[in-house]
Amino acid sequence: MKVIIIGCGPAGLFAGFKLAGKCEVLILDKGPSLEERIKDKSNLLHGEGGAGLFSDGKLNFSPEIGNNLAELIGYSKLSELINEVESIFRKYNIKTKEINRKKAHELEVLAVQNGMKYLPIRQAHVGSDHLPEVISKLSNDLRKKGVEFIFNTEVEEIRKNSIITTKKEEFKFDKLLIAPGRSGARWLEKIVKEKRMKYIYNPVDIGVRVEVPALIMEEICEINWDPKVHIRTPTYDDFVRTFCVSPYGYVVKEENEKYCLVNGHSWKDRKSSNTNFAFLVKVQLTEPLENTNLYGESIAIQATTIGGNKPILQRLGDLRRGRRSTWSRLEKSHVKPTLTDVTPGDIAMALPYRFVRDIIEGLDILNKLIPGVADDGTLLYATEIKFHGLRVLTNEFLRTSIPEIYVAGDGAGLSRGIVGAAVSGLLAAEGILKD
Ligand SMILES: Cc1cc2nc3c(=O)[nH]c(=O)nc-3n(C[C@H](O)[C@H](O)[C@H](O)COP(=O)(O)OP(=O)(O)OC[C@H]3O[C@@H](n4cnc5c(N)ncnc54)[C@H](O)[C@@H]3O)c2cc1C
């Protein structure tokens, strides 16, 4: 049986891991090999290792974080697969941090007393500077088991007779696993609509990257490197959460074709004196517009326009007072920005009122769990958006309505992180082997 996997991110690689030695496997990616990516670090999203390669490598081993799979396979099977991913990472020397249960419980109580939910979870932190080594070992093991990789090759079409086409070649498959990540979500959307596969739109997460002195988050990050807090805001009853906390980390600019966004990460061996995290409002649309991609993109474009093609940076105090930040006002903050390729400005000019309100109210609530987080000097970078696009509807093994085609990972709307993507890759591989 010949299996072709589109996408060499965690979803594709972990599927390859499970299929290796059991069938003929070819992994195609439009981006470069790991070796090329290490030489030229500009390619953040494409190639061997996927978007995860230069990421922070914060691994969340929890069924509640980073995936939508429980509703398909239930918590027990999901936990089993998460344990499998954890044991694969362990082979490559990634160790999960033990949680201080007593301290975690104290925080859980404090959170719930103040209208929040704190989720202590098993986590590991690889660090942006170590992840390439892990991925390199993993893909070399796959090569040894006969898995073939082809890079710098973008799949364009999927034809009726089990053939995929690239600019130069065609490849025939028995089973196809499409795992193109967030960056390939629009292409997958096109395929899904062309092939009339079934789908729904996932919610989109829209918000800002918050940057504070690392000291104020030291205690909570000691328990969990990436603490997860869920909040309902008073005015709109919206769901707001902390996401991708990067202790001693750096805020980064994420360039896209039509707009720029922000993100954040930490290095294992290089530290700033700040901690940053995404603070995101979940938006699900019903009518007249269900397409959360379009809505998120229009906000991203508006924010990029008002920021003069750069992210907007504002002090929380300036946002509260209804005035823009300037470099001289920013200098008064205790926090020195780790990303300076920004425009000091007014986030209220970029984001709709509802988001601004949610962010201010949400930070005020979070301040009861993490005192200092809603200080006037806190820095906010706009915009951070997590598109989860459309979710391809599948059976419990991620087989689409076309029997020889499977999907996995962030691009298919099934995951939102490395572990979730890896789990979905394992699940699809299990389905392929069963077939
Ligand atoms: C800066 C940054 C920091 C992050 N930090 C973390 C973190 O700390 N922890 C965490 O869990 N997650 C993190 N993430 C998210 C994480 O990287 C993703 O959730 C994960 O990589 C998704 O895996 P995936 O396999 O679904 O897709 P991806 O990793 O995006 O891989 C998809 C691959 O498919 C390829 N592709 C797309 N379309 C085609 C096509 N048509 N033909 C051929 N190839 C194609 C792409 O080039 C890409 O290499 C971060 C992401 C970024 C950008």
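Biologist: Which domains supply at least three residues each to the shell around the ligand?

Modeller: In this predicted model, the shell around the ligand takes at least three residues from domain 1 and at least three from domain 2. The domain assignment gives domain 1 as 2-111 + 122-200 + 390-434, and domain 2 as 203-386.

Biologist: Which residues come nearest to the ligand?

Modeller: Gly 9, Gly 50, Gly 181, Gly 184 and Gly 409 come nearest, out of 42 residues around the ligand. Helix 1, strand 16 (260-265) and helix 12 are the elements that give two or more residues to this shell. By class, the shell holds 16 nonpolar, 19 polar and seven charged residues.

Biologist: How many residues of each domain are in contact with the other?

Modeller: On the domain 1 side there are 20 residues, and they are in contact with 16 residues of domain 2. Strand 3 (58-61), helix 4 (101-113) and strand 5 (122-125) each give at least two residues to the side of domain 1 that touches domain 2. Helix 4 supplies the largest share of that side, five residues. As for spacing, the centres of domain 1 and domain 2, taken over C-alpha atoms, are 27 Å apart.

Biologist: What describes two packed helices?

Modeller: The general idea is to give the angle between the axes and the distance between the axes. Here, helix 1 (residues 10-19) and helix 12 (residues 418-434) have axes that come within 7 Å and cross at roughly 40 degrees. The crossing of helix 1 past helix 12 is right-handed.

Biologist: Which residues of helix 1 and helix 12 meet?

Modeller: From helix 1, the residues include Pro 10, Leu 13, Phe 14 and Lys 18, and from helix 12 they include Ile 418, Ala 422, Leu 426 and Glu 430. The contact of helix 1 with helix 12 counts 14 nonpolar, three polar and two charged residues.

Biologist: Why is helix 3 called roughly perpendicular to helix 12?

Modeller: The axes of helix 3 (residues 70-91) and helix 12 cross at roughly 105 degrees and come within 9 Å. Helix 3 is therefore roughly perpendicular to helix 12, since angles of 65 to 115 degrees are classed that way. Ile 73, Leu 81, Ile 82, Glu 84 and Val 85 in helix 3 meet Val 419, Ala 422, Val 423, Leu 426 and Leu 427 in helix 12. This contact of helix 3 with helix 12 has nine nonpolar residues, no polar ones and one charged.

Biologist: Now the backbone. Is the peptide bond from Glu 287 to Pro 288 cis or trans?

Modeller: The bond from Glu 287 to Pro 288 is cis, and its omega is near 5 degrees. Pro 288 sits in the loop between strand 17 (274-283) and helix 8 (292-306).

Biologist: What is omega for the peptide bond from Ala 382 to Thr 383?

Modeller: Omega is near 10 degrees there, and the bond from Ala 382 to Thr 383 is cis. Thr 383 belongs to strand 20 (residues 379-386).

Biologist: Is phi of Cys 244 positive or negative?

Modeller: Phi of Cys 244 is positive, near 55 degrees, and Cys 244 is a residue other than glycine. Cys 244 lies in strand 14 (residues 239-246).

Terms used. Residues are numbered from 1 along each chain as its sequence is written. This is a predicted model: local features need pLDDT of at least 70, side-chain atom pairs count only at pLDDT 80 or more; totals for chains, interfaces and linings use all residues. Domain bounds come from an automatic or database domain assignment. Two residues are in contact if their C-beta atoms, placed from the backbone, lie within 7 Å. Helices (H or I, at least four residues) and strands (E, at least two) are DSSP runs, numbered from the N terminus. Axes are lines fitted to C-alpha atoms, for helices over the stretch in contact, and angles run from 0 to 180 degrees between N-to-C directions. A crossing is left-handed if the near helix is turned anticlockwise from the far one by less than a right angle, and right-handed if clockwise. Ala, Val, Leu, Ile, Met, Phe, Trp, Tyr, Cys and Pro count as nonpolar, Asp, Glu, Lys and Arg as charged, and the others, Gly among them, as polar. A residue is near a molecule or strand if its C-beta atom, placed from the backbone, lies within 6 Å of it. Angles under 35 degrees count as roughly parallel, over 145 as roughly antiparallel, 65 to 115 as roughly perpendicular and the rest as oblique.
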